[in-house]
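Here is a friendly walk through one chain, with the cut-offs spelled out along the way. Have a look at the sequence and the coordinates first, and then read on.

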Amino acid sequence: MIDMKPPISRAKMMSVTKSAIKAIKLYKHVVQIVEKFIKKCKPELKVPGLYVVDSIVRQSRHQFGVDKDVFGPRFLKNFMDTFQNLYRCPEDDKSKIVRVLNLWQKNGVFDLDIIQPLMDMANGVIIPPPFHKTHICLCNF
């Protein structure tokens, strides 16, 4: 896909999805490859990269069931970074990313608490890094 010019055909997307599903035992590598593609590809290929994520997750859930889907949870591990890379797309394409997020919300692909920060990111809201609790000892000496 990296050498292709947009738009990416539906057939090519299905071919990539089929290959991913076949390689389910290597799902961690598949997810890593897709994430790397989204990070390194040209801006006009960012949204097709998201479409690949969508296609793989939906196909995996359809074929194996939500409980046995390994791709969705694995993509979630780096979702914030992946979406930061996705939003480096042309301005016109950002609405397509929001459309996918809306479809995920509507169809219950991911929970709202996962989707909302990604929507906020689309609207230019800066997401603070996760807060790590540290123990502070205030001792009287």
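## Salt bridges

How many salt bridges does the rule count? The count comes to four, where a salt bridge is a side-chain nitrogen of Lys or Arg within 4 Å of a carboxyl oxygen of Asp or Glu. As a general point, side chains of opposite charge can pair when their charged atoms come close. Please keep in mind that this is a predicted model, in which local features need pLDDT of at least 70 and side-chain atom pairs count only at pLDDT 80 or more, while totals for chains, interfaces and linings use all residues. Residues are numbered from 1 along each chain as its sequence is written, and side-chain values use heavy atoms, with hydrogens and water left out.

One of the bridges joins the side chains of Arg58 and Asp54, at 3.0 Å from N to O. The two residues are four apart in helix α3, so about one helical turn separates them. (Helices are DSSP runs of H or I with at least four residues, strands are runs of E with at least two, and both are numbered from the N terminus.) Arg58 is partly exposed, with 45% relative accessibility, whereas Asp54 is buried at 13%. Here buried means under 20% relative accessible area, exposed means over 50%, and partly exposed is in between, with a 1.4 Å probe and protein chains only.

Arg61 and Asp69 form another salt bridge, with 3.3 Å between the closest N and O atoms; Arg61 and Asp69 are both buried. Asp93 pairs with Lys96 in a salt bridge as well, and there the closest N and O atoms are 3.4 Å apart. In that pair, Asp93 is buried at 11% relative accessibility, while Lys96 is partly exposed at 37%.

## The chain as a whole

Stepping back, the chain has seven helices and zero strands, so its order from the N terminus reads α-α-α-α-α-α-α. Of its 141 residues, 34% are buried. The accessible surface comes to about 9600 Å², and carbon and sulfur atoms account for 55% of that; these areas come from the Shrake-Rupley method with a 1.4 Å probe, and for residues only the protein chains shown count as cover.

Now for some empty space. Rolling a probe the size of a water molecule over the atoms shows where such space is left. The second largest pocket has a volume of about 210 Å³. Among its 10 lining residues, Val16, Val30, Ile33, Val34 and Val52 are the closest to the centre. The elements that each give two or more residues to this lining are α1 (10-22), α2 (27-40) and α3 (46-64), and α2 gives the most, with four.

For the method, the search uses a 1 Å grid over the protein atoms alone: a cavity is a set of points where a 1.4 Å probe fits but cannot get out, and a pocket is an open set with protein on both sides within 12 Å along at least five of seven lines; lining residues have an atom within 4 Å of a point. Grid points are joined across faces, edges and corners, and the volume is the space filled by probe spheres set on the points.

Which kinds of residue make up the lining of this pocket? Nine are nonpolar, one is polar and none is charged. In this scheme Ala, Val, Leu, Ile, Met, Phe, Trp, Tyr, Cys and Pro count as nonpolar, Asp, Glu, Lys and Arg as charged, and the others, Gly among them, as polar.

## Individual residues worth a click

Tyr87 lies in the loop between α5 (79-86) and α6 (94-106) and is buried, at 10% relative accessible area. Leaving aside residues up to four places away in sequence, Tyr87 touches Lys94, Ile97, Leu101, Leu118, Met121 and Ala122. Tyr87 and Pro43 are 44 residues apart in sequence, with 8.8 Å between their C-alpha atoms.

Lys42 sits in the loop between α2 and α3 and is partly exposed at 43%. Its C-alpha is 9.2 Å from that of Arg88, 46 residues away in sequence. Back in helix α3, Ser55 is buried at 12% and touches Met14 and Thr17, not counting residues up to four places away in sequence.

Technical notes. Contact = heavy atoms within 4.5 Å.
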